Amino acid sequence: MSGVEHRYEVTGRREIWSGRIFSVVSDDVAMPGGGSATRDYVRHVGAVAVVALDAAGQVVLIRQYRHPVGRHLWELPAGLMDVGGEDLAAAALRELAEEVDLTAGRVDVLVDLHSSPGFADEVVRVFLARDLADVPADQRHDRHDEEADLQVVRVDLDEAVRMVLAGEITNASCVAGLLAAARARDTGFTELRRPEAPLPR
C-alpha cells in the first residue's frame, strides 16, 4: 500500500438527462497533480437480486429479454430499489414473489457489487433466500411487458456454476450471486451477512 489516496472532489455537476430509474450527469473532478477532468456517468436507484436455494440444492433462474443486449439472458429474480424507503431484504422478497411465485423463511446477504463502475454508480445487493415455499395461486403477481415472457427453471447449483464458467450466464449479479452461493454452501453458510448489513459506501 502506498501513501494517502488522492481525494477526487467534485467541483461542478450538470444533469444531462433524468428519468425514473436513472439519470445521466457530468461531473468536473479534481485530478492528482492539479487540474480537473470531466466524467459522465449514470446515477442509478440501485437494485436487489436473489439466489433462491431450495432444499434439494437447486437455484431458481429466470430467462428474460434484455433490450440493450438484444437477447434473452439467464438471471436471478431481481428488481429496482424504486420504492421509497423500502428495506432491501423486503424488496428482495417482493421480487421473489412477483417474478417466481416464491416466499422465503430465511434471507441473508450473499454479496454486494458495483455492476459497472466505469460508467454507473449502481449498487446491487444479492441475497440468499432459503426455506422456500410457493405463493398461493390466488395471491400471485400479474406479470406485464418483458416479465410476461419469463421462463422460470430450477437448476442444481453446481450446474449453474458450470453455466457461469462456460459463458452461458453473463448477467453480472447472477454470476456473482451464483459463485457466492456455491462458496457459502461449501463453507456451511458461516460467512453470510445479516440482511440489514450496511451497503458499501
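Student: Hi! What volume does the largest pocket have?

Tutor: Hello! In this predicted model, the largest pocket has a volume of about 1400 Å³.

Student: Which residues are closest to its centre?

Tutor: His-44, Arg-66, Glu-75, Leu-80 and Glu-122 are the closest to the centre, out of 40 residues that line this pocket.

Student: How do the lining residues divide into nonpolar, polar and charged?

Tutor: There are 18 nonpolar residues, 12 charged ones and 10 polar ones in the lining of the largest pocket.

Student: OK, what about the second largest pocket, what is its volume?

Tutor: That one comes to about 230 Å³. Its lining consists of Arg-13, Arg-39, Asp-40, Tyr-41, Arg-43, Pro-117, Gly-118, Phe-119, Ala-120 and Asp-121.

Student: Let me step back for a second. How many helices and strands are there in the protein?

Tutor: The protein has three helices and 10 strands. From the N terminus, the order is β-β-β-β-β-β-β-α-β-β-β-α-α. The C-alpha atoms fill a box of roughly 60 × 40 × 35 Å along the principal axes.

Student: What share of the residues is buried?

Tutor: Of the 201 residues, 41% are buried. As for contacts with a separation of 6 or more, 59% are between residues 24 or more positions apart.

Student: Now the nonpolar cores. Which members of the largest one touch the most other members?

Tutor: Leu-61, Leu-110 and Leu-178 do, in a core of 27 residues. The elements giving two or more residues to this core are β4, β5, β8, β9, α2 (157-165) and α3. Helix α3 gives the most, with six residues.

Student: What does Leu-178 touch, leaving out residues up to four places away in sequence?

Tutor: With those left out, Leu-178 touches Val-51, Val-59, Leu-61, Leu-76, Leu-157, Ala-160, Val-161, Val-164 and Ile-169. Another core lies apart from this one, and its 19 residues include Ile-62, Val-107, Val-109 and Leu-150.

Student: Switching to charges: how many salt bridges does the structure hold?

Tutor: It holds 17 salt bridges.

Student: What parts does the Asp-108 and Arg-130 pair tie together?

Tutor: Asp-108 lies in strand β8 (residues 102-114) and Arg-130 in strand β9 (residues 123-134), so the pair ties together parts that are 22 residues apart in sequence.

Student: Are Asp-108 and Arg-130 buried or exposed?

Tutor: Both Asp-108 and Arg-130 are buried. Asp-108 has a relative accessible area of 8%, whereas Arg-106 is partly exposed at 42%.

Student: Which other salt bridges could I look at?

Tutor: Glu-191 and Arg-183 meet in one at 3.0 Å, N to O, and Arg-183 is partly exposed at 48% relative accessibility. There is also a network of salt bridges that links Glu-86, Arg-94, Glu-95 and Glu-98.

Student: Last topic, the backbone. What is the phi of Asp-101?

Tutor: Asp-101 has a positive phi, near 60°, and is not a glycine. Most residues other than glycine have a negative phi. Asp-101 is in the loop between α1 and β8, and is buried, with a relative accessible area of 14%.

Student: And what about Asp-131, where is its place?

Tutor: Asp-131 is in strand β9. Its phi is also positive, about 55°, and Asp-131 is exposed, with a relative accessible area of 54%.

Definitions and conventions:
Residues are numbered from 1 along each chain as its sequence is written. This is a predicted model: local features need pLDDT of at least 70, side-chain atom pairs count only at pLDDT 80 or more; totals for chains, interfaces and linings use all residues. Side-chain values use heavy atoms; hydrogens and water are left out. On a 1 Å grid over the protein atoms alone, a cavity is a set of points where a 1.4 Å probe fits but cannot get out, and a pocket is an open set with protein on both sides within 12 Å along at least five of seven lines; lining residues have an atom within 4 Å of a point. Grid points are joined across faces, edges and corners, and a volume is the space filled by probe spheres set on the points. Ala, Val, Leu, Ile, Met, Phe, Trp, Tyr, Cys and Pro count as nonpolar, Asp, Glu, Lys and Arg as charged, and the others, Gly among them, as polar. A salt bridge is a side-chain nitrogen of Lys or Arg within 4 Å of a carboxyl oxygen of Asp or Glu. Buried means under 20% relative accessible area, exposed over 50%, partly exposed in between (1.4 Å probe, protein chains only). Helices (H or I, at least four residues) and strands (E, at least two) are DSSP runs, numbered from the N terminus. A nonpolar core is a set of buried Ala, Val, Leu, Ile, Met, Phe, Trp, Tyr and Cys residues joined through side-chain atoms within 4.5 Å. Contact means heavy atoms within 4.5 Å.
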